[in-house]
Amino acid sequence: MCGIVGMLLKRPINNKRIEDFAEATKLINHRGPDHHGTWNNSRVFLSHFRLSILDLDPRSHQPFFTRDQQLMCVYNGELYNYLDIKDRYQLHTHTSSDTEIVLESFRQHGNDVVKEWNGMFALGIYNQRENKFTLIRDRLGIKPLYVYEDEDVFLFASEAKVIYQWLPEFRLNDQVLSEFIWFGNGISNETMVKGVRKLPAGHILDINLNDFSKFETEYKPALRTNPVQANLKEALKQTSILLENSVRRHLISDVPIGILLSGGVDSSAIVAYASRNSAQKLDTYTVDFDYNLRENVPEINNARIVARKFGTNHHELRVDSINVPEIFDQLVFQYDEPFADAANIPLYYLTKLCSKDKKVILQGDGGDEVYGGYRSYNMLASLNFWRMVSFGGSVVHPDPRWRERFNRMLFVLGQKTDAARMSYLMTEETPYKGPYEILSEDKKNAVKAANPFFGYEYWDSIFKQENRVQKMLFVDLNILLSHSYLEKVDKATMLCSVESRVPFLDNELVEYVTGLDSKLKIRSGVKKFLLKQSLRGIIPNDILFGKKKGFGVPFRQWLKTNLFEYAMESFSDTSLQPYLNNQTLLNYLELHKKGTVDYGPLLWKSLVLCSWIRRYQHKLVD
């Protein structure tokens, strides 16, 4: 697991600009502190930061060359089936790393072999003989890859901060700002900085360095093109085999491995299968909070139960909100763009604890999107029923805060299109609460011209033939997972120089389970029905079928208590006035503290946005 950076020159530029870029690459040293390698000629500059996981020997340092020196690569990732690829194509290697398998298999078979790679990766390959450069990103976007192009250069990097640092100035992307206000992060391949984008998940970009013509292709298979025909018994057997095979593959490492254990079904399944496929006693890690939420208490207890059952060395970490201001700005900077999932805070602290003696952790992201673990799937499966429940609650519930929640749900479920319903299910904002009011007048007018729901409308059109539940499962894989949860995990863990692996996103498992009928995943109101049934007898039924609300971060309470003064100081910063409305933010904060209105999600996003703008306002231009 590593950090990769490159500059491809279209024409000669000032040497100082190249030196500045080389200096900027040091901002991602945390992604690979074990070795830093560079290579350059008159047209190409490559930089690589290595976190040694497989083949710790210096012979696997990068940039890595084929023996004939024709190809070289900078590679960030893990190829879990690299030994299978080696045997299939009878590759002769002089290292035991997956990097060499990646490069040699590409040398023999080019872009066609990429769809056979089962893993997480972002890489660049330079073919010196053909003067061609190829960028590749894994099919679900587990590993990040940012690109930028102007009349002089083409740049790529594992983290966009390298590009931001090098650019003398840039403009704010109002489309992405509108998405952030609604969803807490961008939901497309654009970034908050105009001109900087992500190479889409599952894409290959070929660049002819003679004339810089480009050809971008999508290699990942379209979801559900060939639905899997299977009854429940067959599906249970196959999904069990595939999940255990995936966990076994994800345990391949030349360094120690830990597991993040929340106490939910997904992480418990990983612990169960890992424990019977590991020769070593496993270390598991979970987190607690100073202001705990009721829904977290059962999860913490469940984590202890699972740890005892499978005999792990279990570690618990308490996150105290009084310490959050110390790392808040650092985390905002680490995420490159404003990113408002507060779960990145405990994830960072937990990974920092793991990093004392672990370089690799396994965790359960992807289980909900693949198997159907969110309440929204149930709501879409029984739309009319939930409309009636929402209407009744909005009229008769004695608590006005609950009546407001039911009113909001009635608004969401009453939308006329699936795209609108999916959009509003993924945000806690509504038009009638006016989330844009936190912005300055000029910026408010600019973002009103954008369409924050475009991403949902696009994917809704791609999967228009699917039923509502199946459609949202696929949309969540392409938006929620790719642009939110995987981003959250990569940036927080790599800041601590730790590789995070996600067994639920194994190619074979995803292709099989996503191809199954949604009725096998959500049945009679039971979410993740197929996964839970497949784990009977392995994980205690109380954990499998107990009430689950999700593991929440108490940021709403933090904003009323230990983070109130911190937020007030941030919202009072008048230097932010070209972008934000200070008085509105301060008013919302007071109302939230009094409990008059729950502005928690909007205030948290605002706090993140304040920090990001302060970091980059010296570069921002109108």
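This is a predicted model: local features need pLDDT of at least 70, side-chain atom pairs count only at pLDDT 80 or more; totals for chains, interfaces and linings use all residues.
Biologist: Which parts of the chain does the pair of Phe 21 and Trp 166 tie together?

Modeller: Phe 21 belongs to helix α1 (residues 15–24) and Trp 166 to helix α4 (residues 161–166), so the pair ties together parts that are 145 residues apart in sequence. Elsewhere, ring pairs join Trp 182, Phe 183, Phe 411, Tyr 424, Tyr 432, Tyr 436, Phe 453 and Tyr 456 into a cluster.

Biologist: Where is Thr 427 found, and is Thr 427 buried or exposed?

Modeller: Thr 427 sits in the loop between α15 (418–425) and α16 (441–448), and with a relative accessible area of 4% it falls under the 20% limit, so it counts as buried. Leaving aside neighbours within four places in sequence, Thr 427 is in contact with Trp 182, Phe 183 and Arg 408; Trp 182 and Phe 183 also belong to the ring cluster.

Biologist: Which residues of helix α9 are buried, and what covers them?

Modeller: An α-helix has 3.6 residues a turn, so residues three or four places apart point the same way. In helix α9 (residues 324–334), the buried residues are Val 324, Ile 327, Phe 328, Leu 331, Val 332, Phe 333 and Gln 334, and their cover includes α4, α10 (344–354), α18, α22 (555–560), α23 (564–571) and α25 (600–616). Lys 161 lies over the face of Phe 333, at 5.3 Å from the ring centre, while just after α9 Asp 336 takes a positive phi of about 70°.

Biologist: Which elements give two or more residues to the lining of the second largest pocket?

Modeller: The second largest pocket holds about 360 Å³ of space, and of the 22 residues that line it, the closest to its centre are Ser 188, Asn 189, Tyr 458, Trp 459 and His 483. The elements that give two or more residues are α5 (174–183), α17 (454–462) and α18 (468–495), with the largest share, five residues, coming from α18.

Note on methods:
Residues are numbered from 1 along each chain as its sequence is written. Side-chain values use heavy atoms; hydrogens and water are left out. On a 1 Å grid over the protein atoms alone, a cavity is a set of points where a 1.4 Å probe fits but cannot get out, and a pocket is an open set with protein on both sides within 12 Å along at least five of seven lines; lining residues have an atom within 4 Å of a point. Grid points are joined across faces, edges and corners, and a volume is the space filled by probe spheres set on the points. Helices (H or I, at least four residues) and strands (E, at least two) are DSSP runs, numbered from the N terminus. Rings of Phe, Tyr and Trp (its six-membered ring) pair if their centres lie within 6.5 Å; planes under 30 degrees apart count as stacked, over 60 as edge-to-face and the rest as tilted. A charge sits over a ring if NZ of Lys or CZ of Arg is within 6 Å of the ring centre and within 35 degrees of the ring normal. Buried means under 20% relative accessible area, exposed over 50%, partly exposed in between (1.4 Å probe, protein chains only). Contact means heavy atoms within 4.5 Å.
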